[in-house]
Amino acid sequence: MGTVTINALSKSYGDLNVLNKINLSIEQGTFVTLLGPSGCGKSTLLRCIAGLIEVDEGQIMFGNEDVTHLTPQKRNIGMVFQNYALFPNLNVWENIAFGLKVQKLPADEVKERTREMIQLVALEGKEKALPSQLSGGQKQRVALARALVLKPKMLLLDEPLSALDAKIRKNLRLQIREIQRALNITTVFVTHDQEEALILSDEIFVMDKGEITQFGSAKTIYTQPANDFVAGFIGHYNILNTEHFEGFSKFSHKEGRFALRPEVIKISHAPSELAARVTAPMQVKDIILLGSILRYIVKDAYTELVVDCLYEEEIPAFKIGEQVFVHFEPEKLKRIG
Ligand code: ADP
Ligand code: MG
């Protein structure tokens, strides 16, 4: 269907302006993510694309076709939601075959396409199981197969992993990406989970209060946040103003507002000997163990920083209350204002 283009799309519910002149474009065959906190308008935007909600203003184009006022059926889109929405009294096979039967396709074709889908989502042997007999991850694979069996032009996924356990979530997100690549289907994935977005996406659209505040590759979004909101939402960026730098030596005075990633800051017992590094004496305020990452909170009179180190040794190298030196390369500071 070519590129999906959205032009100046707006939607309000009464006085509440949920989407404010959204512009975006999605290349054929790519996997893009709408990332943002709860309530920022992600589901509303997805439902506008699907045609489940009428827009107030703006335009939605699939290639050269204006679909803004087409019914969902005419848009030929597959959709998967957080809460499965399977038919409880139909088994796996029947759930997946349902849409094909509605289309009154020949029995042979229904059988062949259903079988193919069951294979694609790795549910062989589960054909006769009812939804109540499946795990959350299996149910979501049925939902995915049920959407894909109709050969949609586009796949929309609204927080499909949010209800699942961490381990299943991690497996299923990779399976979804594999299937998307195999079918080369344009996919819009909605999530509030920045890790999910960074791992999966060709392109991320970060949403804040009904607007797209930044878009770009995962690498761009992560390393070059455009503003405070993205810097705060996407990592645990340290946000620093001019006055926060008072304690740092070897540092030409910087005016403005900067974002600094926790993993580019180093801690040592002695000051850094590398002349180029910006350095300051600080005190360890807190230590948080995050699996493979050890997170230090360090502070001086002017600021508090989050510093992430690889957790290599059994005992953390620094103790709470200890005087240390923090240092980083000045070019790691990203200007955000
Ligand atoms: P998200 O998916 O990012 O969490 P939504 O798109 O579901 O956000 O909702 C955005 C805002 O619109 C929220 O404040 C929500 O309460 C409001 N909203 C969503 N749907 C409706 C509706 N049908 N009627 C009124 N307000 C709604
Ligand atoms: Mg939502």
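Let me begin with how the model is to be read. It is a predicted model, in which local features need pLDDT of at least 70 and side-chain atom pairs count only at pLDDT 80 or more, while totals for chains, interfaces and linings use all residues. Residues are numbered from 1 along each chain as its sequence is written, chains are lettered from A and ligands numbered from 1 in the order in which they are written, and side-chain values use heavy atoms, with hydrogens and water left out.

I start with the domains. The protein is divided into domain 1, residues 4-233, and domain 2, residues 239-335, with bounds that come from an automatic or database domain assignment. Their C-alpha centres lie 39 Å apart. How many residues of each domain are in contact with the other? Six residues of domain 1 are in contact with six residues of domain 2, where contact means heavy atoms within 4.5 Å.

The size of an interface is often given as the accessible area lost when the parts come together. Here domain 1 and domain 2 bury about 530 Å² between them, and 49% of that is on carbon and sulfur atoms; buried area is the accessible area, with a 1.4 Å probe, that two parts lose on being put together, summed over both. On the side of domain 1, Tyr 222, Thr 223 and Asp 228 lose the most area to domain 2, and together they account for 65% of what that side buries.

Between the two domains the count is one salt bridge, meaning a side-chain nitrogen of Lys or Arg within 4 Å of a carboxyl oxygen of Asp or Glu. Asp 228 forms a salt bridge with Arg 257, and the closest N and O atoms are 2.3 Å apart. On the side of domain 1 that touches domain 2, the elements that give two or more residues are α8 (218-223) and α9 (228-234); helices (H or I, at least four residues) and strands (E, at least two) are DSSP runs, numbered from the N terminus.

Is Leu 35 buried or exposed? At 0% relative accessibility Leu 35 counts as buried, because buried means under 20% relative accessible area, exposed over 50%, and partly exposed in between, with a 1.4 Å probe and protein chains only. Leu 35 and Thr 191 are 156 residues apart in sequence, and yet 5.3 Å apart in space, C-alpha to C-alpha. Not counting residues up to four places away in sequence, the residues that Leu 35 touches include Thr 191, Phe 205, Met 207 and Phe 233.

Thr 191 itself has its place in strand β8, residues 186-191, and is buried, with a relative accessible area of 1%. The side chain of Thr 191 reaches the backbone nitrogen of Asp 193 at 2.9 Å.

Two further residues are worth a look. Asp 308 is found in strand β16 and counts as buried at 12% relative accessibility. Its side chain makes a polar contact with the side chain of Arg 295 at 2.7 Å, a polar contact being a pair of N or O atoms within 3.5 Å, of which, within protein, one must be able to donate a hydrogen and the other to accept it, and residues adjacent in sequence count only if both atoms are side-chain atoms. Phe 318 lies in the loop between β16 (304-310) and β17 (323-328), and at 8% relative accessibility Phe 318 counts as buried. Among the residues that Phe 318 touches, not counting those up to four places away in sequence, are Ile 267, Val 284 and Tyr 296.

Next comes helix α3, residues 92-102, in which Val 92, Asn 95, Ile 96, Ala 97, Gly 99 and Leu 100 are buried. What covers these buried residues includes α4 (107-120) and α5 (136-148). At the start of α3, a side-chain oxygen of Asn 91 reaches to within 3.1 Å of the backbone nitrogen of Trp 93, and just after the helix Lys 104 takes a positive phi of about 55°.

I finish with the cysteines. How many disulfides does a search of the whole structure find? The search finds zero, a disulfide being a pair of cysteine sulfur atoms within 2.5 Å. The sulfur of Cys 48 is 13 Å from the closest cysteine sulfur, in Cys 40, and that is too far for a bond.
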